[in-house]
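Please consider the structure shown here, which is a predicted model. The paragraphs below lead through selected parts of its two kinds of features, secondary structure and surface.

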Amino acid sequence: MLKGMTRLISRVHKAKHGEQHEGQHYNISFQDLKTVFSHGLPPRFVMQVKTFNEACLMVRRPALELLHYLKNTNFAHPAVRYVFYGEKGTGKTLSLCHSIHFCAKQDWLILHIPDAHLWVKNCRDLLQSTYNKQRFDQPLEASTWLKNFKTANEHFLSQIKVQEKYVWNKRESTEKGSPLGEVVEQGIMRVRNATDAVGIVLKELKRQSSLGIFRLLVAVDGVNALWGRTTLKREDKSPIAPEELAFIYNLRKMVKNDWQGGAIVLTVSQTGSLFKPRKAYLPQELLGKEGFDALDPFIPILVSNYNPKEFESCIHYYLENNWLQHEKAHTEEGKKELLFLSNRNPGQLERLCAYL
Amino acid sequence: MAASAVTAVRGSSGLLLGVRSVVLRLPGLTQVRWSRYGPQYQDPQIDKGYYRKPLAALTEEEKYERELRKTQVIKAAPATRTSSVFEDPVISKFTNMMMKGGNKILARSLMTQTLEAVKRKQFEKYHAASAEEQATIECNPYTIFHQALKNCEPVIGLVSILRGGHFYQVPVPLADRRRRFLAMKWMITECRQKKHRRTLMPEKLSQELLEAFHSQGPVIRRKHDMHKMAEANRALAHYRWW
């Protein structure tokens with residue numbers, strides 16, 4: 001039992017995280033939060049960061065396992081797919097963010113889609129795609145994603161050069177050999193072409209990561225949205241399949257393992273998914289036949305509830321920050337009750353401690 | 001059919017019938033108007049510590065009391081009363097008053113969101129304040145809640161008394177429970193009616209609770225208005241006969 005040593009003062013490389021650090025918290029600097037995690041952290045975690053004035057993640061076994069695999073990847077082989085799965089509130093998104101932070105510190109290029117479910121529902125403006133008449137564009141979402149991608153990977157955008165000429169419309173085009181940053185700028189400024197810009201970025205990164213200039217990490221949260229159903233409809237009220245959305249079409253090509261020089265880390269989640277039962281958490285159930293066949297083979301990593309050590313560590317962290325204000329929460333009785341009420345589920349525990 | 005079932009239950013408790021139709025005004029026994037339990041029904045003992053005491057540690061009175069309870073009829077414990085260490089009767093009462101249409105789940109979630117909002121606001125203030133001020137800032141949402149309601153309780157109230165064909169507002173001392181009820185009622189009505197339609201209840205309530213905690217805000221003003229009216233009408237105080 002770790003008493004009083006829940007904080008890891010490791011501002012250094014996350015490469016130093018090992019088995020003995022399991023259950024302890026480590027700090028993420030505000031600089032990293034603004035660049036790497038401008039999108040992608042769960043909203044309750046963002047609230048917690050704002051309240052405590054610090055971002056602390058717990059080092060847990062699934063993330064450690066993934067970091068071990070990432071450290072020993074062979075970049076000559078095709079990209080391996082890792083899928084985090086687990087019940088609601090167990091910490092899949094935060095494990096994904098942990099691995100993203102590790103890779104950012106190791107200077108990989110991070111391609112992070114914060115929640116794929118947001119792309120297949122509640123879209124106000126669907127445009128018919130300019131590139132392919134059969135598909136649909138989502139200008140708003142694409143431009144926000146491009147902005148966040150730019151803040152995350154500033155220094156790479158000037159180094160990578162496009163290998164083809166792209167014509168946007170009668171007056172604008174991007175020449176061969178110009179930096180990728182120009183494509184991103186074009187997408188942000190001309191919102192109509194944003195989805196196409198995203199498609200170009202994905203294609204170029206996939207092509208060039210095999211050359212070995214940079215390492216690419218593709219991180220998608222809620223990847224089961226790519227193969228499910230959408231709630232979007234055409235003007236004649238007929239439903240749209242996911243492959244008719246240009247972004248989803250390009251993203252599916254990205255998570256195929258036919259490129260080298262990086263890794264693909266995915267999460268399947270039921271929260272936010274469409275037309276899936278609440279209790280479903282296994283990849284087979286959430287991805288469906290089509291998705292499972294497309295992603296096969298992959299390495300599944302189960303994210304489960306806290307074990308007793310991690311639970312103690314979490315409570316200790318809250319006590320250190322004075323988050324548990326109720327007098328009875330400090331006692332043994334209170335802790336036993338929290339354990340019972342939350343069933344050691346991280347999400348539930350966080351919600352319980354919020355009002356105690 | 002429901003009535004006959006109730007009378008059957010009453011009749012089955014043996015010689016001691018829980019007859020509520022005959023109103024027994026025994027001194028010292030407060031009666032609840034709508035309770036179907038007779039006066040001989042005892043309140044349930046929820047406290048876990050009471051039952052966990054080993055037999056050897058009990059004194060003679062406690063042993064006698066336990067034996068006595070075996071012979072008495074006990075009311076059913078309501079679903080809201082738990083043996084949780086975090087249970088608070090004031091919070092439960094407030095939640096019940098906020099509830100609409102029996103939707104306790106919604107009322108309870110609003111209550112927890114309010115407490116969370118109060119806590120987060122206080123934490124923000126705490127981190128922004130200097131070292132001396134940090135000692136004065138209270139971060140516990142429960143103490144803030146209790147103190148705010150205590151600050152809102154009126155000391156004296158007004159009652160309409162009919163005299164000579166006219167109703168007069170007569171100042172009258174209020175019982176504890178009436179005061180607590182009025183404080184909670186004013187707080188809830190203030191949040192529901194005087195605020196903008198689109199703001200959410202936790203937001204409104206947390207703001208009102210914090211203002212009342214510092215003895216400012218509209219609920220405190222309403223309490224003072226009540227006091228001023230009572231002071232203005234103090235000539236009518238002799239209309240009260242109890």
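How many helices and strands does the secondary structure of chain B come to? Chain B has 10 helices and 2 strands. Along the sequence these elements follow the pattern α-α-α-α-α-α-α-β-β-α-α-α. Of the 242 residues in chain B, 33% are buried.

The strands of chain B are E1 (residues 156–163) and E2 (residues 166–173), which run antiparallel and are joined by 8 bridges. One of the pairings links B:Leu162 to its bridge partner B:Phe167 in E2(B). Together E1(B) and E2(B) form a hairpin with 2 residues between them. In the turn, B:Gly164 has a positive phi of about 65°.

Strand E5 of chain A (residues 109–113) is largely enclosed by the rest of the structure, because 5 of its 5 residues are buried. In a regular strand, side chains alternate between the two faces of the sheet. In E5(A), A:Leu109, A:Leu111 and A:Ile113 point one way, whereas A:Ile110 and A:His112 point the other way, and all are buried. E5(A) runs parallel to strand E10 (residues 216–221) of chain A, to which 5 bridges join it. Within this pairing, A:His112 has A:Ala219 of E10(A) as its bridge partner.

The surface of chain A can be considered next. A:Lys88, A:Arg278, A:Lys279 and A:Arg351 gather there in a patch of positive charge. Of these residues, A:Lys88 lies in the loop between strand E4 (80–85) and helix H4 (92–105) of chain A. A:Lys88 counts as exposed because its relative accessibility is 61%, and the cut-off for exposed is over 50%.

Conventions:
Residues numbered from 1 in each chain as written. Chains lettered and ligands numbered in written order. Predicted model: local features only at pLDDT ≥ 70, side-chain atom pairs only at ≥ 80, totals over all residues. Heavy atoms only, no water. Patch = residues over 30% accessible without salt bridge, like charges linked within 9 Å, V, L, I, M, F, W, Y side chains within 5 Å. Areas by Shrake-Rupley, 256 points an atom, 1.4 Å probe, with all protein chains shown as cover. Salt bridge = Lys/Arg side-chain N within 4 Å of Asp/Glu carboxyl O. Lys, Arg positive; Asp, Glu negative; His and termini not counted. Charge placed at Lys NZ, Arg CZ, Asp CG, Glu CD. Helix = DSSP H or I, 4+ residues; strand = E, 2+ residues; numbered from the N terminus. Buried < 20%, exposed > 50% of the residue type's maximum accessible area, 1.4 Å probe, protein only. Pairing = 2+ DSSP bridges.
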